[in-house]
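Entries follow in the order of the look-ups.

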Amino acid sequence: MMNRTACLEILKKTITDEIVISSYSTASEWIEMNDRPLNYFSHGAMGLCSSHGLGMALALPHKRIIVLDGDGSLLMNLGTLVTLAAAAPKNLVHLVFQNGTYEANGGHPLPKRDVDFAGMARSAGFKRVHSFEDSRNFEQQIGAVLKEEGPVFADILIEQGPLGPRSYEEMYRPERRRKLKEVLQAGG
Amino acid sequence: MNAPAKPADTEGSLSGAAILRAVKAAGIEYVLSVPDLHTAKGLLAPISTDKDFKLVRVCKEDETLGIAAGLLYGDKRSLILIQYTGFLYAMNAIRGVACEQKLPMVMMIGLLSKEVGVAPQDSKRFGLRIVEPILDVMGIERHYIDLDADIAAITPAIERAYAQSRPVAFLIGRRPS
């Protein structure tokens, strides 16, 4: 079991010019430690993080898209695994932080905590699937995982992080989305 | 636009091929869809074999809103092709992604089982009667496409939606040929 903040610190050291799409608790921590134009914060409806990612991956085949999803969010849009596997974008990496709770909604448990998301991803048709339970393996392998031909799925077992309240206003500002588009249009 | 749909003629037809020409003329490249019996033969089947379209088959209708939003970052235009029941299912995503973020999202919504010659608001089916009022309360421009003559509205309405960055909905009244 890992700490999400530690995982994100490792990711921060690993990524370069990828677009990182995140939501809720993960997004809150990510923006605090790595506020950059190539971040995109999925909002509007819980669970759609990976769907936004699929759209970007299809529209921007030259860019690597990394989706930072949560297990509660994924359960709200479980069909996305089949859609992603069928669309098969080579530039998409779907990372799911699994803590067994709706952390952003008060920390209540999911209906079932020990869901085998990696198994689900395999069944859905993902060819490259990983599971991480300790930070040493994560640190050693995540760089290579992010470079694999997509779609790639990885389940990352973490402990529950601090409960809110969190403010999402800053990350959801329209100016952020405009800036991302400007950077992309400029070839970023 | 958002006036109540006219009572439809019992005579007349709706050409699926003409609808798709209008969609193409507006620069739509991607089609995001859950199959709808109402449009399965007249629209989705030809789309699935048309090299000008890239079809993304999804499992649930709300996925289409996220995918359409992502596509915008590569300036790709998309058509969301769903049944009215899927529209109702995806309501929160339409609210949060299309309406609140003021994004150009083009929805083509099949009114499955609507009686020919009966306007949606007069249908015997509760689910069909509420579609137009819901679109109105959400402030989404809507067009009722029931006859070939209605198809002329499609291309300019899509162009306006993109120019003004807002959603638009086309309600497919009769089953396209």
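I looked up contact range in chain A. Residues 24 or more positions apart account for 76% of its contacts with a separation of 6 or more. Two residues are in contact if their C-beta atoms, placed from the backbone, lie within 7 Å.

I noted the ground rules. This is a predicted model, in which local features need pLDDT of at least 70 and side-chain atom pairs count only at pLDDT 80 or more, while totals for chains, interfaces and linings use all residues. Residues are numbered from 1 along each chain as its sequence is written, and chains are lettered from A and ligands numbered from 1 in the order in which they are written.

**Overall form.** I find 8 helices and 8 strands in chain A. Helices (H or I, at least four residues) and strands (E, at least two) are DSSP runs, numbered from the N terminus. The C-alpha trace of chain A spans about 45 × 40 × 30 Å along its principal axes. I checked the radius of gyration, taken over C-alpha atoms; the globule rule is 2.2 Å times the number of residues to the power 0.38. For 188 residues a compact globule would have a value near 16 Å, and the 15 Å of chain A agrees.

**Burial.** I used C-beta counts: a residue is buried if 20 or more other C-beta atoms, placed from the backbone, lie within 10 Å of its own, exposed if 12 or fewer, and partly exposed in between. In chain A, 47% of the 188 residues count as buried. Then I turned to helix α3 (residues 49-59) of chain A. There, 11 of the 11 residues are buried, so the helix is largely enclosed by the rest of the structure. Among them are C49(A), H52(A) and M56(A).

**α3(A) against α5(A).** What angle do α3(A) and α5(A) pack at? I get about 10°, with the axes 10 Å apart; α5(A) covers residues 80-87. Axes are lines fitted to C-alpha atoms, for helices over the stretch in contact, and angles run from 0 to 180 degrees between N-to-C directions. That makes α3(A) roughly parallel to α5(A). Angles under 35 degrees count as roughly parallel, over 145 as roughly antiparallel, 65 to 115 as roughly perpendicular and the rest as oblique. S50(A), S51(A), L54(A) and L58(A) in α3(A) meet T80(A), T83(A), L84(A) and A87(A) in α5(A). By class I list 4 nonpolar, 4 polar and no charged residues. Here Ala, Val, Leu, Ile, Met, Phe, Trp, Tyr, Cys and Pro count as nonpolar, Asp, Glu, Lys and Arg as charged, and the others, Gly among them, as polar.

**α3(A) against α3(B).** α3(A) and helix α3 (residues 62-71) of chain B pack at about 40°, with axes 6 Å apart. The two are therefore oblique to each other. Residues making this contact include G53(A) and G55(A) on one side and G66(B) and G70(B) on the other. I list 8 nonpolar, 6 polar and 1 charged residues here.

**Interface.** I find 23 residues of chain A in contact with 23 residues of chain B. On the chain A side, α3, α5 and α8 (174-185) each supply at least two residues. α3(A) gives the most, with 8 residues.

**L163(A).** I located L163(A) in the loop between β8 (152-157) and α8 of chain A. L163(A) is partly exposed, with 13 other C-beta atoms within 10 Å. Leaving aside neighbours within four places in sequence, L163(A) is in contact with E103(A), G106(A) and G107(A).
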